[in-house]
Amino acid sequence: METPLGSEKAEGLAVDLREGNDTHDVAEKLGFEKLSEKRIKEYYSHAVLYRHKKTGAEIMSLSNSDENKAFGIVFSTPPRDSTGEPHILEHSVLCGSRKYPVKEPFVELLKGSFYTFLNAFTYPDRTYYPVASTNVKDFYNLVDVYLDAVFFPKCVEDIQIFQQEGWHYELNDLAEDISIKGVVYSEMKGSYSQPDFLVQYVAQKAILAACARSVISRERKIMIYDIIDPLQALFPDTIYSLDSGGDPKVIPQLTFEEFKEYHNKYYKPSNAKIWFYGDDDPNERLRILAAYLDQFEMGSTETSKVQYQKVFKTPKRITEKYSVGGHGDFAKKYMIYLSWLLSEETIDVETELRLRILDHLLLGTPASSLRKTLLESGLGDDIIGYGIEDQFRQPIFAVGMKGLSKDDVHRVEELIVKTFKNLADEGFTSDAVEAAMNTTEFFLRENNIGSFPRGLYLMLCSTNKWIYNLDPFEPLLYEEPLLNLKSLLSREGPKAVFSPLIEKFFLNNSHYVTVEMEPDSDKASCDEADQNELLKKVKASMTEEEVTKLAHATKELRLKQETPDSPEALRCVPKLSLEDIPRKPIHIPMTIEDVNGVNVVKHNLLTNNIVYLEVVFDMSPLKQEFLQLVPLFCGKKMDLCAHVIVRGKALSERVEDLFKLINCILQEVEFKEKQRFKQFVAQSRAKMETKIKGSGSFIAARRINAKLNVAGWVDEQISGISYMEFLQDLEKKVDDDWGKISISLEEIRKSLLSRKGCTINMTSDEENLVAATKYLSKFVDSLPTAFPGNNSWETILSPGNEAIVIPTQVNYVGKAANIYESGYQLHGSIYVISNCVNMTWLWERLRTSGGAYGGGCSFDAYSGVFSFSSYRDPNLLKTLDIYDGTAGFLQELELDDDSLTKAIIGTIRDLEGYQLPDAKGYSSLVRYLRGITEEYREKRHGEVLSTTVKDFKEFGDALEAVKDKWVVVAVASPSDVASANEQRPGFFDVKKVREVS
């Protein structure tokens with residue numbers, strides 16, 4: 001049975017582990033010395049900090065009752081330039097190692113592990129390799145593969161891995177032009193295509209010159225590039241002036257020799273921090289580590305130290321251009337972004353907490369002072385910037401606005417400064433401070449970050465200090481700073497606490513940078529032309545022999561990428577067996593009661609004294625003409641999925657307040673504030689315009705489904721291109737049509753709010769569920785009883801292939817068909833087949849050899865739509881050809897028992913993944929709304945477990961049967977779409993979206 005952190009059993013386990021007599025004896029024998037030991041009561045954990053004597057590696061070992069075990073190894077990886085060395089290495093080390101010499105052990109783990117987290121990520125000054133699993137055998141398998149990967153990777157011996165993950169010149173035919181491919185290269189081209197990302201990556205030539213000097217000292221010829229992290233402006237004298245992820249214009253300057261040397265310099269135990277967390281044996285953790293660490297000697301860590309940035313005497317200002325596309329008026333596409341360096345050195349934990357509360361007071365909610373002032377000014381569309389960022393050596397604060405006219409850029413800057421002055425003089429209201437304190441304390445105590453494992457979140461918190469050789473325990477101990485802050489606020493009041501912070505860190509702080517971004521509709525095409533010209537010059541500079549060698553190298557790399565590992569080779573990768581996974585789906589306790597005509601679904605789960613609540617309303621009574629107003633009606637307080645779902649949570653003693661708040665939101669809000677509604681429309685429109693570039697796969701998928709079925713059409717109307725266009729039109733009409741809009745919003749409320757169409761979902765322990773009943777009954781009684789009746793929506797978009805053209809350096813390619821229409825009968829094996837296709841055919845063709853950052857296939861059992869998608873993809877028609885090859889791949893597939901077992905295990909993991917109690921309750925609610933019974937789940941589970949190779953071949957036939965019914969939608973660059981229509985005349989109907997920034 002699951003034991004939640006915070007229960008008496010968890011408390012007892014922490015004490016038992018602390019008092020164990022043999023752990024430290026074992027540690028000593030294995031070569032570790034204990035540096036420190038603490039009970040982390042905030043997370044019911046016993047923590048020990050060890051040092052490996054031979055190498056100096058440090059290990060934090062947290063023991064508690066959490067079954068979701070977590071591990072991470074973190075290296076300090078300061079970039080030496082903006083070629084993306086840390087990022088490319090992060091990708092490459094997972095492509096085979098000494099103990100696991102297959103192409104991609106990481107992918108084999110993705111196929112058949114029961115992981116709850118498996119990834120790696122690059123920060124500006126460090127690189128993480130984290131894993132998590134609830135299965136102890138699986139957990140140690142993951143740990144072993146990752147340790148071997150980081151310390152003994154194949155990539156430092158195999159240049160083709162560097163070329164695949166980083167960059168390489170590609171030439172498929174001697175007569176063609178050269179192109180640049182690489183997974184990281186494509187990823188960063190996608191990042192640099194997004195305006196909200198770019199505004200954080202801009203600097204002036206003077207700052208660049210300061211950075212270039214440190215690079216030139218390495219005797220490398222550097223190309224001048226014009227897009228740089230604004231951290232360059234904030235941190236011109238430190239490694240933060242460089243892009244650890246890689247600037248696409250600079251990535252191709254990285255050589256294989258430099259890449260190898262970087263690994264040798266930084267990937268060693270003396271430069272590592274290692275983290276363990278969960279309910280596994282703390283002695284076994286040390287045994288696993290000793291086997292690897294003992295193979296190394298002590299090394300220097302001086303080269304990985306991050307220096308402090310000295311404070312500016314005067315602020316800096318930067319103006320840069322960014323790409324916009326579509327057609328329309330770009331006069332209100334300017335941006336401004338202000339960043340402050342908050343301290344010349346690391347700040348103490350008490351000040352950190354105060355700044356965290358201040359950040360919430362400034363930007364945390366729509367009612368927060370700075371956010372509210374900026375949005376209500378009407379100067380811009382939306383806020384940009386992340387507020388406080390404490391994951392650097394020195395904390396920073398950033399805020400700005402987008403959707404500005406040129407004349408309003410300086411007004412926003414003045415308004416931000418003026419707001420700080422007013423807040424310093426007048427202070428915050430007591431209610432605002434109390435709300436910020438409550439929100440922060442609730443977050444700390446709940447320790448719920450969704451699907452991200454708790455143990456890994458704590459690792460990120462701890463390493464924010466630990467990576468700089470500061471106290472790793474301090475970020476985990478929030479009780480004392482929280483009590484001290486409460487006491488200080490009680491004694492001296494909010495103004496005495498927060499006004500000095502505003503004055504010190506903002507008003508009297510000369511170390512800040514202002515970035516202005518100007519729209520340029522020609523920049524994307526000019527950049528593309530410059531890139532093409534550069535590649536032509538590269539080819540022209542080659543001899544005939546060199547061109548031939550490049551074409552041969554391209555073929556060799558592709559051959560290697562598309563040649564699978566042998567079954568014998570793959571057996572070296574540790575795996576689970578079918579006996580290690582559940583034979584039935586995870587059961588979530590559920591009862592259904594009728595409370596005054598409303599179905600109430602209850603889930604009796606331990607939740608650390610928190611009650612999770614969902615109130616669900618059926619959308620079927622809604623008239624079609626009101627559909628696109630529903631997201632605006634809902635705002636941020638509700639979810640949409642064929643129902644309107646209001647979600648909330650509270651400590652058990654505050655459940656009455658939670659019901660009152662939801663009732664207030666639903667029934668007492670009046671639709672009278674035209675300007676506020678107009679702001680919300682502008683924010684929503686700006687977010688949709690951003691989503692087109694940043695989430696092109698999502699946009700393409702919505703558009704395809706809208707061409708295939710009514711449910712897809714509804715989704716596209718409220719979250720796709722059609723919705724963005726609706727918002728663009730609505731924004732212009734609000735002033736003239738406000739009376740009609742206000743009435744429509746009221747009509748939506750009358751249509752949705754009814755007991756007859758309502759379901760209430762509650763998740764907590766039995767005692768709390770019983771105690772909440774009286775408040776529940778009162779809430780239900782307050783709901784209207786009228787039910788307008790159902791409306792029918794029978795609309796889809798016109799069929800046909802479509803290209804949505806935007807200014808981008810990469811593409812997002814979607815393709816789908818309804819396989820039910822050709823007679824396919826649903827069987828659980830389809831989930832295994834999709835998993836296998838994703839992890840073999842599509843991974844190898846789209847990502848490994850195609851250079852896309854991501855891609856895959858999926859199936860919607862309700863509509864029958866089988867779909868493909870790619871993400872940050874350098875290709876377009878080539879990707880469609882890969883999709884078309886899937887049927888043949890399945891029909892000819894020869895799958896050994898091990899590979900089939902992996903696919904089944906990976907599928908069960910995806911279907912029955914680890915969830916925290918609130919997520920279990922919500923998932924159970926969704927199944928209830930869709931009519932999915934336990935019997936249905938057990939049937940599909942059994943079909944998954946009994947999948948055979950014959951099912952794969954038959955599904956290949958099912959795909960072949962719809963070969964003439966596929967619909968394609970791509971979000972792509974103008975040049976790639978033009979080229980596609982040139983090669984296949986009339987293939988795409990071209991849709992140019994309006995004013996996409």
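**A walk through the sheets and cores**

Hi everyone, let's start with a pair of strands: β13 joins strand β14 (residues 396–404) through six bridges, in the antiparallel sense. Strands here are DSSP runs of E with at least two residues, helices are runs of H or I with at least four, and both are numbered from the N terminus. Two strands count as paired if DSSP finds at least two bridges between them. A word on the source: this is a predicted model, where local features need pLDDT of at least 70, side-chain atom pairs count only at pLDDT 80 or more, and totals for chains, interfaces and linings use all residues. Residues are numbered from 1 along each chain as its sequence is written, and side-chain values use heavy atoms, with hydrogens and water left out.

Within that pair, Ile 388 has Phe 397 of β14 as its bridge partner. Both strands belong to an open sheet of five strands, ordered β11-β15-β12-β14-β13, with mixed pairing. At the edges are β11 (316–323) and β13 (382–389), each with a single partner strand, so one side of each has no neighbour in the sheet.

Keep an eye on Phe 397, please. Which residues touch the most other members of the largest nonpolar core? They are Trp 340, Phe 397 and Phe 498, in a core of 79 residues. By nonpolar core I mean buried Ala, Val, Leu, Ile, Met, Phe, Trp, Tyr and Cys residues joined through side-chain atoms within 4.5 Å; buried is under 20% relative accessible area, exposed is over 50%, and partly exposed is in between, using a 1.4 Å probe and protein chains only. Domain 1 (31–188 + 245–303) and domain 2 (229–236 + 306–452 + 460–520) both contribute residues, so this core lies between them. Those domain bounds come from an automatic or database domain assignment.

Beyond its neighbours within four places in sequence, Phe 397 is in contact with residues including Trp 340, Ile 388 and Phe 506, where contact means heavy atoms within 4.5 Å. There is also a second, separate core of 75 residues, with Phe 75 and Leu 147 among them.

Now to another group of strands. In β18 (residues 610–618), eight of nine residues are buried. β18 pairs antiparallel with β20 (residues 643–651) over nine bridges, and six bridges join β18 to β21 (residues 758–764), also antiparallel. Leu 613 stands opposite Gly 648 in β20 and opposite Met 762 in β21.

Last stop: Ser 849, in helix α31 (residues 829–849). Is Ser 849 buried or exposed? Ser 849 is buried, because its relative accessible area is 7%.
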